[in-house]
Amino acid sequence: MLPIVFVHGIRLSATMWGPVISRLDRPAVAVDLPGHGTRSGEPFTMDAATSAVADAVDALGGRALVAGLSLGGYVGIAAAERFPGRVAGLMAMGCTAHGPAATGTYRFAASLAARNPSLANRISCYGLRRLLPGPVGEAMVAGGLSCEVMPQVVEAVTGHDQLAALAAYPGRVWLVNGARDPFRANERDFLRACRNGRLILIPRRGHLGVLAAPGPLARLAGDLCDQLGSYVQTERPESAVATPRTR
């Protein structure tokens, strides 16, 4: 049974995936990236982040589906490029924005957070609990927040060519976006870059809202693993768009 490695978003930690992992019927682990969660205070680089993903894959047997949201999606793309033999497939969520507009937004938000990380952490904690009330919101903040690392993260992500990375990766890629996510702006560019990609839109969900229903998200991740189990790679099959049921 193919396992899953989950990768968290910026300033968050592995605990955000707890509600999803608890609903899976297969081995799975969530990893803390450098500068986040149990690794707070460590410098963030893309090499260190992708090595953390590879180490987690190795701990599960050496091959896994990698699933990441936002920053986790960008790190997943980079890990697939660097370690294609370990990444059996990629579920990249909420990470299909690039170019000057996206870069400017990321840098502005990171610079604000870095001015007063403690305040930024408190504001983020309040906002996450309001956006995702109950156990899902609590899981988002349970591992602590790390707004101080945001400028390093933004420079690492914007300095990496995600489209080239997708073009280099020979495996299957699912780009998963909430239909209301503003960060899906360049999803067609990302889809075209994939050798074997598919776009999945989750109705009525925003950027973090895809986590609001952890059961359906767990089922989707499990279904993608099952598809990989029966997958015979072809050179470049036609890309497609799908809309899953969320209830």
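Student: Let's start with S70: buried or exposed?
Tutor: S70 counts as buried, because its relative accessibility is 16% and the cut-off for buried is under 20%. Keep in mind that this is a predicted model.

Student: Where does S70 sit?
Tutor: You'll find S70 in the loop between β3 (64-69) and α3.

Student: What about R11, what's its phi near?
Tutor: For R11, phi is near 70°, again a positive value in a residue other than glycine. R11 is in a loop too, the one between β1 (4-7) and α1 (18-21).

Student: Is R11 buried or exposed?
Tutor: R11 is buried, since its relative accessible area is 18% and buried means under 20%.

Student: OK, new topic. How do the axes of α2 and α3 cross?
Tutor: Helix α2 covers residues 46-59 and helix α3 covers residues 71-82; their axes come within 9 Å and cross at roughly 80°. The two helices are therefore roughly perpendicular to each other.

Student: Which residues make that contact?
Tutor: From α2 it's M46, D47, A49, T50, S51 and V53, and from α3 it's V75, A78, A79 and R82.

Student: How many of those are nonpolar, polar and charged?
Tutor: The contact of α2 with α3 has six nonpolar residues, plus two polar and two charged ones.

Student: Now the strands. How many residues of β5 are buried?
Tutor: Seven of the seven residues in β5 (residues 172-178) are buried, so the strand is described as mostly covered.

Student: Which β5 residues point which way?
Tutor: R172, W174, V176 and G178 point one way, while V173, L175 and N177 point the other way, and all are buried. In a regular strand the side chains alternate between the two faces of the sheet.

Student: Which strands pair with β5, and in what sense?
Tutor: Strand β4 (residues 87-93) pairs with β5 in the parallel sense over five bridges. Strand β6 (residues 197-202) also pairs with β5 in the parallel sense, over six bridges.

Student: How does the chain cross from β5 to β6?
Tutor: The chain goes through helix α9 (residues 187-193), and this β-α-β crossover is right-handed.

Student: How many β6 residues are buried?
Tutor: Five of the six in β6 are buried, so β6 is mostly covered as well.

Student: Last one: where is I123 found, and is it buried or exposed?
Tutor: I123 is in helix α5 (residues 117-131). I123 is exposed, because its relative accessible area is 53% and the cut-off for exposed is over 50%.

Student: How far apart are the C-alpha atoms of I123 and A113?
Tutor: The C-alpha atoms of I123 and A113 are separated by 9.8 Å, and the two residues are ten apart along the chain.

How values were computed. Residues are numbered from 1 along each chain as its sequence is written. Side-chain values use heavy atoms; hydrogens and water are left out. Axes are lines fitted to C-alpha atoms, for helices over the stretch in contact, and angles run from 0 to 180 degrees between N-to-C directions. Helices (H or I, at least four residues) and strands (E, at least two) are DSSP runs, numbered from the N terminus. Angles under 35 degrees count as roughly parallel, over 145 as roughly antiparallel, 65 to 115 as roughly perpendicular and the rest as oblique. Contact means heavy atoms within 4.5 Å. Ala, Val, Leu, Ile, Met, Phe, Trp, Tyr, Cys and Pro count as nonpolar, Asp, Glu, Lys and Arg as charged, and the others, Gly among them, as polar. Buried means under 20% relative accessible area, exposed over 50%, partly exposed in between (1.4 Å probe, protein chains only). Two strands pair if DSSP finds at least two bridges between them. A crossover is right-handed if, with the strands pointing away from the viewer, the path from the first strand over the helix to the second runs clockwise.
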